[in-house]
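Colleague: I would like to learn how to read a structure like this one. Please take me through it feature by feature.

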Amino acid sequence: VIEAGISYTLSGGFDPMITTSATAMAVNLHVFEGLVDLHPATREPYIALASEMPKQIDETTYVVPLRSGAKFHDGSPVTVQDVVYSFTRVLDPKNSSTLMQFLGFIETVEPQGDDAVLFRLKSPFPQFAERISCVKIVPKAVVEKDPKGFNAHPVGSGPYSFVRALKDNRIEFKAFEDYGGKYRPTVDEMTWFLLSDSAARVTAQDSES
């Protein structure tokens, strides 16, 4: 078990398409995956929900195959449709996603059979793999059924599943046993205490020393 303090409050929800909260974004790094993610220390790209790095077909076309057997925390499989949905909702101006500004080079995102996604770009973009890491893959059925519920209780495919968040108190996670990605969970549970007040942080530190 890991218990840690984080010096931020929790404001807003966790939907990775719209959140700008530092706390929520930190949570999402454990709960969600991109096709490619960036190592938190080196910032080097590594495959997450992809089974291999994006394959460049020509200057403006990439194919990204999916990791076999990947599941969301509710037990449902991660599908090509979920990936396409995750990108198209970010790219839709009506959704006012903060991420859209980073993806202006993408023309379309389409299924490529049942196990890969085809990206067509407006123009060549050499940092394609690094940039698509900002889009986290979400379960289409869960989001469309209850967007507000998903925002409050996120469901991803990452190494830790979200248990609950108590505003101005704590956020709890548990290891996702079916996780098959590169960086598997190393503990069974995590609790992050929300300690935005400096005096509370000192008190918490002293109580553990």
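Modeller: Start with burial. Buried means under 20% relative accessible area, exposed means over 50%, and partly exposed lies in between, with a 1.4 Å probe and protein chains only. This is a predicted model, where local features need pLDDT of at least 70, side-chain atom pairs count only at pLDDT 80 or more, and totals for chains, interfaces and linings use all residues. Residues are numbered from 1 along each chain as its sequence is written, and side-chain values use heavy atoms, leaving out hydrogens and water.

Colleague: Is Gly 104 buried, exposed or partly exposed?

Modeller: Gly 104 counts as partly exposed because its relative accessibility is 42%. Gly 104 sits in the loop between α2 and β6. Helices (H or I, at least four residues) and strands (E, at least two) are DSSP runs, numbered from the N terminus. C-alpha to C-alpha, Gly 104 is 8.9 Å from Leu 121, at 17 residues apart in sequence.

Colleague: Which residues of the largest nonpolar core touch the most other members?

Modeller: A nonpolar core is a set of buried Ala, Val, Leu, Ile, Met, Phe, Trp, Tyr and Cys residues joined through side-chain atoms within 4.5 Å. The largest has 31 residues, and Leu 35, Phe 87, Ile 106 and Phe 119 touch the most other members. β5 (61–65), α2 (80–91), β6 (106–111) and β7 (116–121) each supply at least two residues. α2 gives the most, with 6 residues. A second, separate core has 19 residues, including Val 31 and Phe 150.

Colleague: How are two aromatic rings described?

Modeller: By the distance of the centres and the angle of the planes. Rings of Phe, Tyr and Trp (its six-membered ring) pair if their centres lie within 6.5 Å; planes under 30 degrees apart are stacked, over 60 edge-to-face, and the rest tilted. The count here is 9 aromatic pairs. Phe 87 and Phe 119 are edge-to-face, 5.0 Å centre to centre with 80° between the planes. This pair links helix α2 and strand β7, 32 residues apart. Phe 87 and Phe 119 are both buried. Ring pairs also link Tyr 62, Phe 87, Phe 105, Phe 119, Phe 125 and Phe 128 into a cluster.

Colleague: What does the side chain of Thr 61 make a polar contact with?

Modeller: A polar contact is a pair of N or O atoms within 3.5 Å; within protein, one must be able to donate a hydrogen and the other to accept it, and residues adjacent in sequence count only if both atoms are side-chain atoms. The side chain of Thr 61 meets that of Asp 58 at 2.9 Å. Thr 61 is in strand β5 and counts as buried because its relative accessibility is 7%.
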